[in-house]
Amino acid sequence: MKTAVFIGRFQPLHNGHVQALREISKNVTKIIIIIGTPKNKRNIDFNNPLTTAERKSILKSVLKYLKLNAKIKVQRDVGINSIWKKEIEEKIPKNAVIFSGNKNVISLFGEKRTVRIKKKVIVSGTLIRKWMALRKSKWKQFVPKKTVPLLTKFRMEERLSGQNKAGS
């Protein structure tokens, strides 16, 4: 296996993503990370509180810390799976293998093209966002330590607590 593709929203990047990147890096020579559903300007809502630039910044910081060389690409959310898949296919080598834990991604690209990521770190961006909205500091143990200052700088807790959707 030469090129791996890892697709995620990274809202926020968490320890599960980091574990996946570590596992992926053991088997490939090149990694392409695709940030999905980007927003060119801040669209503050509970599910997408970080901009594309902020997510790129966080990813670059963690990749540097992990000493992983990966190319970061952006994929817009078009709302139509066939177009979304086609646009991703245009961004990656034909023989690249897609690593994912997302059922939709595996279904779209097929079992032969994907490798299911086995979750060793059980955590979700949704749960982390809920903890942030409630200002519960335990969220910090589920994201890479290097990202805590960035998430603080980007005022994630304030953004999310202003949404008041943590209980919904």
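User: What is the mean pLDDT of the protein, and how many of its residues reach 70 or more?

Analyst: The model is predicted, with a mean pLDDT of 89. A value of 70 or more is reached by 92% of the residues.

User: Which elements have the lowest and the highest mean pLDDT?

Analyst: Helix H7 (residues 156-163) has the lowest, at 86, and helix H6 (residues 148-153) the highest, at 96.

User: How many helices and strands does the protein have, and what pattern do they follow?

Analyst: There are seven helices and five strands. Along the sequence they are arranged as β-α-β-α-β-α-β-α-β-α-α-α.

User: What makes a residue count as buried, and what percentage of the protein does so?

Analyst: The criterion is a relative accessible area under 20%; of the 168 residues, 47% count as buried. The protein exposes about 9500 Å², of which carbon and sulfur atoms supply 48%.

User: Among contacts between residues at least 6 apart in sequence, what percentage join residues at least 24 apart?

Analyst: Of these contacts, 67% join residues at least 24 apart.

User: How many positive and negative charges are there, and how far apart are their mean positions?

Analyst: The protein has 39 positive and 10 negative charges, and their mean positions are 5 Å apart.

Key: Residues numbered from 1 in each chain as written. Predicted model: local features only at pLDDT ≥ 70, side-chain atom pairs only at ≥ 80, totals over all residues. Heavy atoms only, no water. Helix = DSSP H or I, 4+ residues; strand = E, 2+ residues; numbered from the N terminus. Buried < 20%, exposed > 50% of the residue type's maximum accessible area, 1.4 Å probe, protein only. Contact = heavy atoms within 4.5 Å. Areas by Shrake-Rupley, 256 points an atom, 1.4 Å probe, with all protein chains shown as cover. Lys, Arg positive; Asp, Glu negative; His and termini not counted. Charge placed at Lys NZ, Arg CZ, Asp CG, Glu CD. pLDDT = per-residue confidence, 0-100.
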